[in-house]
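This report covers selected local features of one protein model.

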Amino acid sequence: ADVFVNPLPIISGEADICLGSTHNIFPNTGGTWLSSDGSVASIDNTGLITSIASGNVTFSFTDVNGCINTSSSITVNELPNEGNPFVTDVTCFGGFDGDIMIAPMGSYIHSWVGPNSFTATTQDISGLEAGNYTNTMTDMATGCVGTYATTVNQPASLPTFFGSSVDPFCNGSGDGMITLTSGSGVAPFQYSIDGGITYVASGTFTGLFDGSYTCNVQDANGCV
């Protein structure tokens, strides 16, 4: 009499997957699947793998004849990690001196996007205006992709001030006065009545002669 031996199920699928992703392994009908480590990746009976943590895992398929076959080891790879970004905020409102520096472990392709159509492909970016910047990192070894958002802030406004003056009592008497009072900005403030050539800590200027004075207020960030 002939003896018929049922063949083992043929398993096919990817050998490497990325953390947080889903993938299919075959066959996807005609049996049941079992994961060797459900903490790394789970699988349903359609062969849909859901990765949960980095590590190695195998999957066993039992067909309708009770025949069992096990996949090769499948690696769940970590996503790229940019580390803790070091952000330098914009010094003055409306400026372009912000920076973002990152310290990833590994070799990555970077794709930055930001305000006003900003793009860059370097690891670190500088000369930035305030706003939200998104870095899409692709691991050159695994192809896994991670996306991270970083915000560059700025002061709420440039310094503002209020001014008042007292004219000299007599022509040429030199007893005029200008008083400058800071409004918005980052304290402490410095004050100037010569167009920013000289700044002093007090906003009260006395002993002034008749004439035109250009007043400025500079805040702690050097913004005017």
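## Residue D37

D37 sits in the loop that lies between β3 (31–35) and β4 (41–43); strands here are DSSP runs of E of at least two residues, numbered from the N terminus. The model is predicted, and local features need pLDDT of at least 70, side-chain atom pairs count only at pLDDT 80 or more, and totals for chains, interfaces and linings use all residues. Residues are numbered from 1 along each chain as its sequence is written, and side-chain values use heavy atoms, with hydrogens and water left out.

The relative accessible area of D37 is 29%, so D37 is partly exposed (buried is under 20%, exposed over 50%, partly exposed in between, with a 1.4 Å probe and protein chains only).

## Three-stranded sheet

Three strands form an open sheet in the order β17-β18-β20, with antiparallel pairing (two strands pair if DSSP finds at least two bridges between them). Its edge strands, β17 (161–166) and β20 (204–208), each pair on one side only.

β17 pairs with β18 (residues 176–182) over six bridges in the antiparallel sense. F162 stands opposite T181 in β18.

## Residue N216

N216 belongs to strand β21 (residues 216–218) and counts as buried because its relative accessibility is 16%. The N216 side chain reaches the backbone nitrogen of G196 at 3.3 Å.

Leaving aside neighbours within four places in sequence, N216 is in contact with several residues, including F161, L180, Y199 and V224 (contact means heavy atoms within 4.5 Å).

Technical notes:
Helices (H or I, at least four residues) and strands (E, at least two) are DSSP runs, numbered from the N terminus. A polar contact is a pair of N or O atoms within 3.5 Å; within protein, one must be able to donate a hydrogen and the other to accept it, and residues adjacent in sequence count only if both atoms are side-chain atoms.
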